Amino acid sequence: MASAPEGRFSHYTPVLNSDRFFALRLTAVFTVISLVASLLITTVGVLLTGQRDWLAALSLALLIPLLLVPPLCYPLLAKLAAVTRDNRKLRQQAREDHLTGLFNRPHLMSMLERELSLSQRHDHPVSILLVDIVDFVDIADRHGRHTGDRLLRIFSERIRDKIRESDLFGRIDGAQFLLVLPHTDFNDALHMAEGLRSLTASIQVQTDEGLAGFEIRIGAASTENSGRRLNALLNEADYALYQSRNEHRHSDHPA
């Protein structure tokens, strides 16, 4: 992972209204708890010492928490809430693709290594599908970058709705995606690939020239054939994708 930019820890984190509201609620809770604790301690002290001026003692027991707790707790809790929110956002950015919201390449590869390790330990297959949108660059050049971005988002959402919760789906480079299928053999992965092709055929994107469709190429690989080494599995899927590209070219340009 790349190191943090210089000065990252001196970065000012703004306090938002949501942070203030959270701090206000928590401060109110702490204040009430402090009031109850102060009253109980003071009451016990008055009873044990037999102090006659118990009203002044109880009034002081109420006044001290009210004067000390809110001014001390509120700014501290508001800042803590802001820093926590900022850290949560950074963690999310570290694992998600900024455009599609899918897993990014580093996080997806880490998850795939974990699945391969579990596959080795529990002796179950893992398959992957390397998915490439056909002629995406030409689509973006013809209809504009925003249309290309919209295509990637729509495609990502539709595929994410199709797969299982246990499957891992991410964007690894440009218009190339990787789908990790735990507990899935090679034949089932091929069936999934056909399902994705059929689903993609029904997707259309609005452009200046009307609705436009697109196609995908898929390269499949499985631990049944490639073993449980990450590079071998990816290379097998990449080779299958390469063959799919050649078949696509030959079908477009018959001899």
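Which residues gather in a patch of negative charge on the surface? They are Asp135, Asp138, Asp141 and Glu215, and of these Asp138 lies in helix α4, residues 136-143. Patch members have over 30% relative accessible area and no salt bridge, with like charges joined within 9 Å; Asp and Glu count as negative, and the charge is placed at CG of Asp or CD of Glu.

This is a predicted model, in which local features need pLDDT of at least 70 and side-chain atom pairs pLDDT 80 or more, while totals for chains, interfaces and linings use all residues. Residues are numbered from 1 along each chain as its sequence is written, and side-chain values use heavy atoms, with hydrogens and water left out.

The chain has eight helices and six strands, in the order α-α-α-β-α-α-β-β-α-β-β-β-α-α from the N terminus. These are DSSP runs (helices H or I, at least four residues; strands E, at least two). Of its 255 residues, 37% are buried, that is, under 20% relative accessible area with a 1.4 Å probe, protein chains only; exposed means over 50%, and partly exposed in between.

The whole structure holds eight salt bridges, each a side-chain nitrogen of Lys or Arg within 4 Å of a carboxyl oxygen of Asp or Glu. One of them joins Asp97 and Arg171 at 3.2 Å, N to O. Asp97 lies in the loop between α2 and α3 and Arg171 in strand β2, so the pair ties together parts 74 residues apart in sequence. Both residues are buried.

Arg217 and Asp132 form another, at 3.3 Å. Arg217 is in strand β6 and Asp132 in strand β1, so this pair ties together parts 85 residues apart in sequence. Arg217 and Asp132 are also buried.

Notes:
Patches are made of residues with over 30% relative accessible area and no salt bridge: like charges are joined within 9 Å, nonpolar side chains (Val, Leu, Ile, Met, Phe, Trp, Tyr) within 5 Å. Accessible areas come from the Shrake-Rupley method with a 1.4 Å probe; for residues, only the protein chains shown count as cover.
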